[in-house]
Amino acid sequence: MGKHALLVVTFCLLFTCCTGSSLNGELFSGEQNGKWTLSGQASIENDLLILSGTDASAVLKNGNYKDFDLSLQLRTTPGGKGFIGFHTDETGKGYRVAINNDREDPVWWRMTGSLVSVRNLTKSFIKEGDWFTMNIRVEGPSVLVSINGEPVVEYTEPAAPYRTEAHANTLLSRGTFTLGSTGEGEIQIKHLAVETLETKGMDFSAKQAKAIDEQTDEIIRLHQEDFPVLDYHVHLKGGLTRQVAAEQSRRTGINYAVAPNCGIGFPVTNDQDIYNFLDTMRNEPFILPMQAEGREWITTFSEQARDEFDFVFTDALTFTDDKGNRTRLWVNSTVFIEDEEKYMDLIVDRICRVLQEPVDVYVNPFFLPESMADRYDEFWTEERMNKAVEALAKSGKALEINELYQIPNKAILLKAKAAGVKFTFGSNNVTPDVSKLEYSIRMKKECDLQSHHMYKPKIKI
């Protein structure tokens, strides 16, 4: 495949249009303004293109690109956010790639590198004020976005993309480039270069045939409605590696929060194990929670070490019963039931105790042992649901909708929603095949959960 490459040194905005015409390589100074349409608080200072405020933009005049490799070096000041648009024109068509490193942003699921409304990202690798490189490569039906050389989005547009009316024109075609600012701070760009890719005559049918069928895919629908697409409860187990998890996440469009099991008898057993895990995972494209195991976890790990995670979750599956037996509700041999109704009251009591522990999310929630699970709605009476949900709301913890066990039921979720509880979706996978969040999405629809109902992690890098 042939390329028409353009070399840029210092801040030169160079483009070679698909028509074959080219721009020369002088510094991007006031003399270059004729090649760009600047509006709002867009300016050129000391060889930097600076976009400030909520309506600044720079649009390349007469750009006509289809397949290309675009490279930028940029940074954001506090509150600076915006986008890079490609295949755009005066009608607003085309795709946008997000620029946003503000971890306090209430729209926390559309961070730097997001292919907006199609592959939104919940984690930015970049701190405000730090220079970084972004690459956007479009080749046939495929879009690849990389940050500092690491892929964060790999999307293949299918032959029949799913788009809502609001995003009907978010499609591959050809067009120009637009740089836009939508935040109160600045976006500063010191290098921008593009090379056209000669793809005429290339056959992309095999690649497009492997694209996700968006007419049946629920995940693209979440992205299109601007809903956080995050699996908050993923484990690297059963053969699932960091690399495979990252590839799988990019392929499905589901962001992952990857948690180690932390407690006595689990892979992470002390503070040093926590630091070792985080040192190896912090630069991975995952949010990093802690799963606190057993009731002794509070004294096993220091608060300082626990606070290094993005959030902490636990369940009420492990406890000591009234006769001193260490119970693990998912292990039948540790469950001793003499009277089911009394045992159910014991479970509710232990849930309420666990909800006093210093965690952010209650997972595997409202679980019942195997011998009682087939009568879930019978045991979870109105009185018991009210008691547990009241304790949950009082604790301020978020509630997981769990894929592995498909719990809790709709009745509990509606009570939790009415009480102001936030929610998470969680696979709790035991194999490499992390779920597609089918149960969570069904409960989202039936309970009418919106983006503001979802828990926001305290993401660190």
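Is Ser 142 buried or exposed, and at what relative accessibility? At 13% relative accessibility, Ser 142 counts as buried, where buried denotes under 20% relative accessible area, exposed over 50%, and partly exposed the range in between (1.4 Å probe, protein chains only). The structure is a predicted model, in which local features need pLDDT of at least 70 and side-chain atom pairs count only at pLDDT 80 or more, while totals for chains, interfaces and linings use all residues. Residues are numbered from 1 along each chain as its sequence is written, and side-chain values use heavy atoms, with hydrogens and water left out.

Ser 142 belongs to strand E9 (residues 142-147); helices (H or I, at least four residues) and strands (E, at least two) are DSSP runs, numbered from the N terminus. Not counting residues up to four places away in sequence, Ser 142 is in contact (heavy atoms within 4.5 Å) with Arg 137, Tyr 155, Thr 156, Leu 172 and Lys 207. A polar atom of the Ser 114 side chain lies 2.7 Å from the backbone oxygen of Met 111, and one lies 2.8 Å from the backbone nitrogen of Leu 121.

Strand E6 (residues 81-88) is mostly covered, with 8 of its 8 residues buried. Strands are taken to pair if DSSP finds at least two bridges between them, and E6 pairs with E7 in the antiparallel sense over 6 bridges, Lys 81 having Asn 100 as its bridge partner in E7. In the hairpin of E6 and E7, which has 6 residues between the strands, Gly 92 takes a positive phi near 90°. E6 is also joined by 6 bridges to strand E11 (residues 176-181), and these two strands run antiparallel, with Thr 88 standing opposite Thr 176 in E11.

Parallel pairing is found in an open sheet of 6 strands, whose order is E15-E16-E17-E20-E21-E22. Its edge strands are E15 (261-262) and E22 (423-426), each of which pairs on one side only. Within this sheet, strand E17 (residues 311-314) is joined to strand E20 (residues 361-362) by 2 bridges, the strands running parallel, and Phe 313 stands opposite Val 361 in E20.

In helix H4 (residues 271-281), the buried residues are Ile 274, Phe 277, Leu 278 and Met 281. Seen down the axis of H4, these residues fall within an arc of 95°, so they line one face of the helix, the arc being that of the directions from the helix axis to the C-beta atoms. Their cover includes helix H3 (242-252), strand E14 (255-258), strand E16 (289-292) and helix H6 (303-306). The N-terminal end of H4 is capped by Asn 270, a side-chain oxygen of which lies 3.1 Å from the backbone nitrogen of Gln 272.

In helix H11 (residues 410-418), Ile 412, Leu 413 and Ala 416 are buried; they cover an arc of only 100° around the axis, which puts them on the same side of H11. The buried residues of H11 pack against helix H9 (376-379), helix H10 (382-395), strand E21 (398-402), E22 and helix H12 (438-447). Just after H11, Gly 420 takes a positive phi of about 85°.

Methods: A polar contact is a pair of N or O atoms within 3.5 Å; within protein, one must be able to donate a hydrogen and the other to accept it, and residues adjacent in sequence count only if both atoms are side-chain atoms.
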